[in-house]
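Please consider the structure shown below.

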Amino acid sequence: MRTVVYPGSFDPCTNGHLDIIERSSRLFDKVVVAVLVNSAKHPLFSVEERIALLRIAVKDLPNVEIRSFSGLLIDFMKEIHADMIIKGIRAVSDFEYEFQMALTNKELLPDIETLFLHTSKEFMFLSSSIVKEIARYGGKLEGLVPASIIPAIRAKFKTDNN
Ligand code: PNS
């Protein structure tokens, strides 16, 4: 059985993330979406909120599991006995940083492979930052994030002083 890990901040998850998750779930037996807890990026959504949104978004994908991790990704990979990381690449600009991370993980744990999936073309422009920017000013989120999580994102921007 092949388990792969799709790590990220998911602050919040977007249709671009979901596209990578769905495609990975067709390629592998099990996909563990790993939400980083201790991000230096000061996420807007708490880890519990990011996990809850992902769980709603993947509810129809039985072989996808949402977990959180802190510390090094390779330590989490060892803990769950996974040896492949999935990353999505939108543009050349993503590549340098992703390549650096892939080589770092390989250096730390040579058994690990990183597999890059290209983004689907309709999501090339999309990022969690773009979603937050649009949500902050009340713009249209349909098509950018799963419809099922739009109310929770809207609620976040109503209650918090973001
Ligand atoms: O969605 P992001 O923020 O681009 O995801 C980045 C992530 C979570 C994949 C990366 O920051 C990560 O793996 N962090 C864990 C710390 C780690 O293992 N660092 C060494 C590899 S660079």
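Helices, of at least four residues, and strands, of at least two, are DSSP runs numbered from the N terminus. Read in that direction, the elements of the protein chain in this predicted model follow the order β-α-β-α-β-α-β-α-β-α-α. In total, the chain contains six helices and five strands.

Next comes the overall form. Along the principal axes, its C-alpha atoms occupy a box of roughly 45 × 35 × 30 Å. Among contacts in the protein chain with a separation of 6 or more, 73% join residues 24 or more positions apart.

How much of the protein chain is buried? The share is 48% of the 162 residues, where buried means under 20% relative accessible area. The accessible surface of the chain amounts to about 8,900 Å², and carbon and sulfur atoms provide 56% of this area.

Helix H1 may now be examined. This helix covers residues 15-27, and its 13 residues span 18 Å from the first C-alpha to the last, close to the 18 Å expected at 1.5 Å a residue. Helix H1 is mostly covered, with ten of its 13 residues buried. Among these buried residues are Leu-18, Ile-20 and Ile-21, and also Asp-19 and Arg-23.

Methods:
Residues numbered from 1 in each chain as written. Predicted model: local features only at pLDDT ≥ 70, side-chain atom pairs only at ≥ 80, totals over all residues. Heavy atoms only, no water. Buried < 20%, exposed > 50% of the residue type's maximum accessible area, 1.4 Å probe, protein only. Contact = heavy atoms within 4.5 Å. Areas by Shrake-Rupley, 256 points an atom, 1.4 Å probe, with all protein chains shown as cover. Expected span 1.5 Å × (residues − 1).
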